[in-house]
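Subject: Structure for your review, with notes

Dear colleague,

Please find below the structure that I promised to hand over. My notes on what was found in it follow directly after it.

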Amino acid sequence: MKRQNLVALLATLMTATAWGQEVSLYGTTMAQMWKSETVGFDKATYTPATQYLGIDANKLGSDNLSLHLFGWGRTDLSDSSNLDGSKSSGYLNFGYLQYRFNQANAEIKAGRFTVSQGTGFEQVDGVSLRTDLRGGFTFSAFGGKPVLYKTVDLDSQKDYDFQRDVIFGTRLGWRIPKVGEIGVSYLQDGTKAAKELPIPSSVDYTRKQMGVDLLIAPAPAFQLRGRTIFDVADHAALPAGTEKPSNIAEHDYTAIVKFGSKVTVTANVAERNFYAYFAGTNLPSLFRQDEKDKYKGYGGSLTVSASANLQLVADFRHMNRESFGDVTRVGGELRYASTEKHYMAGLGMRSVSASKTIQVDPTAPGRSLSHTELRAFTMIERKRLSLSLDGIVQQYKEGNPYLNGLTSLYEVVASVGFKATENLKLSGDISRGSTPVAKDETRGLLRAEYRFGFGKKGGQ
Amino acid sequence: MARKSVLQFFGILFGLGLLMACSLISPETSFAATHPEGVGAGRPMCSECHTTDVSKGALKPYAAFDHTQTFVKSHKYQATQDANTCASCHAQSFCADCHGAKVPMKPAIRLSDSPDRLAPHRGDYLTLHKLEGKMDPSSCYSCHGRANNDKCRTCHR
């Protein structure tokens, strides 16, 4: 959306809040500070200030009409902390009017909103609607102009902006009580495929997807959830002799079985074909379709609620990527939360074994991706005061090509908060850690969170 | 004349279609726009209070919405099928903490005073992403492949 259109949209939406009978304004102001001193570079001091701001205005003339706005802005008060050298930036995450009908859980949204459908979380400047239909069916649809992002260079940007002209999608679901739900969806982003351009481009930023999502939940003790996504776009012809890759972008299914109230077992299996899954990316140099690589993973978890306050989770995952080989990850977490949630603590560990990796460092595959991570946190709330401590240690194999000679990295974050009123909380963090770039790193952060008005939701 | 007839035909067809579509709409009353009671801190277990068969709008067991570790890690399914059930407790800004399309800092910093929340990219993730990206780049793609890539493209050109 052009800047002047965005300003006009924002101004209109902001003015609309004046009619709201339940207006809630919420925000977080954050000030950070850190210094860096790297050999071969100038010393730098970074003090970015970030402002998040949101408005929920309900009952705009009608009980069913509401307005929702949320965005952020940031500026560097000293050296630029943005990698592109700029000192300020901002963004409107969403800004839409919503009308909720009293019947059929129907709603209409207009403005900038997000849609979770297909493989992505799409941002759209347009209109969406959804409703329940008779017989357990549901229908939703959206359409408009896709929110555009940056690509790697100006030439690609022109091509990208041209191809992504409109976005639309729809989903038809069928809910059967005590059985589950099945849905079929379609998403099209852009109508001018790369091969149809006056000067054909090598990169296609458009995509067409069909999806099937499934939930089988005949009883609270069992669930099977998952989805399959198909890439239905007609891509440019591949070089002669190349095997045609699968157009199944993703299978991802999870089964959950509860044994009584204390034990839950889950199992997951997923497969993604990058040629189809990465179709339409705006970063084709990283998410490469041309690799025709494939990911397969399976795993599971065991959750034991030892008591109302104590929970133990153990998980396992085996992953295979055709071009890199096998990786196995095992982990566990212990969580404690007091009955009133005034005290919480957690202890976690995960270990990744990559002895069968065939790339990265073929002479010593075990050291390239293998690592172990330990994490512990605690939180205490006493009346208006809150304290938290969070520590993480990542232990890598000696000689890891990415670690600049180090084998161990850590970060500890200590936070103190004071809830001055029900709607105002002030907090400050100090973090200390080490990275391959900065052997010692200390950062400070001040945060003010506030809320004015009568809204019942927001931030929760 | 012919053009007028075609327009009339499509007008009648559209009107009939609209009438048919309206007759298909469920007569059920919408469920509450907001959860009537506060759910407190921590991860809520819907089935602790809602012991009845199925939730009104979603027609699924309330246990399907229990905020277990598995739910928190794989909530994309519920977000696709039951976004309006999520909306009865969560404002859209809750989603934007992590799924903001463009965010000024990683979620682990934004939520550093709430270490109990599942905030991705804790610790020195700049190092770890080189490993995670080789093991499974599709896990990066859902957030960084189509939108939030300002930092990615600095190196990955």
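A nonpolar core is taken here as a set of buried Ala, Val, Leu, Ile, Met, Phe, Trp, Tyr and Cys residues joined through C-beta atoms within 7 Å, where a residue is buried if 20 or more other C-beta atoms lie within 10 Å of its own, exposed if 12 or fewer, and partly exposed in between, with C-beta atoms placed from the backbone. Please keep in mind that this is a predicted model, in which local features need pLDDT of at least 70 and side-chain atom pairs count only at pLDDT 80 or more, while totals for chains, interfaces and linings use all residues. Residues are numbered from 1 along each chain as its sequence is written, and chains are lettered from A and ligands numbered from 1 in the order in which they are written.

As to confidence, the model scores ipTM 0.86 and pTM 0.88. Within chain B, the lowest confidence falls in helix α1 (residues 2-24), at a mean of 77, and the highest in helix α7 (residues 107-110), at 91; helices (H or I, at least four residues) and strands (E, at least two) are DSSP runs, numbered from the N terminus.

The largest nonpolar core has 18 residues, and those with the most contacts inside it are A:Leu67, A:Phe94, A:Phe113 and A:Val124. Strands β3 (48-60), β4 (65-76), β5 (88-100) and β6 (107-117) of chain A each give two or more residues to this core, as does α6 of chain B. A:Phe94 touches residues of both chains, including A:Phe70, A:Phe113, B:Gln92 and B:Ala96, when residues up to four places away in sequence are not counted; two residues are in contact if their C-beta atoms, placed from the backbone, lie within 7 Å.

The contact between the chains takes 75 residues from chain B and 103 residues from chain A. On the side of chain B that touches chain A, α8(B) gives the most, with seven residues.

In strand β3 of chain A lies A:Thr50, which is buried because 22 other C-beta atoms lie within 10 Å. Leaving aside neighbours within four places in sequence, A:Thr50 is in contact with A:Met30, A:Trp72, A:Arg74, B:Pro104 and B:Met105.

A:Thr378, by comparison, lies in strand β19 (residues 371-382) of chain A and counts as partly exposed, because it has 17 C-beta neighbours inside 10 Å. Apart from neighbours within four places in sequence, A:Thr378 is in contact with A:Ala345, A:Ser388 and A:Leu389.

β19(A) runs antiparallel to strand β20 (residues 385-396) of chain A, with 12 bridges joining them; two strands pair if DSSP finds at least two bridges between them. A:Ile380 stands opposite A:Leu387 in β20(A). The two strands β19(A) and β20(A) form a hairpin with two residues between them, and A:Lys383 in the turn has a positive phi of about 50°. β20(A) also pairs in the antiparallel sense with strand β21 (residues 408-421) of chain A, over 11 bridges, and here A:Ser386 stands opposite A:Gly417 in β21(A).

With best regards

Conventions:
pLDDT is the predictor's confidence in each residue, from 0 to 100.
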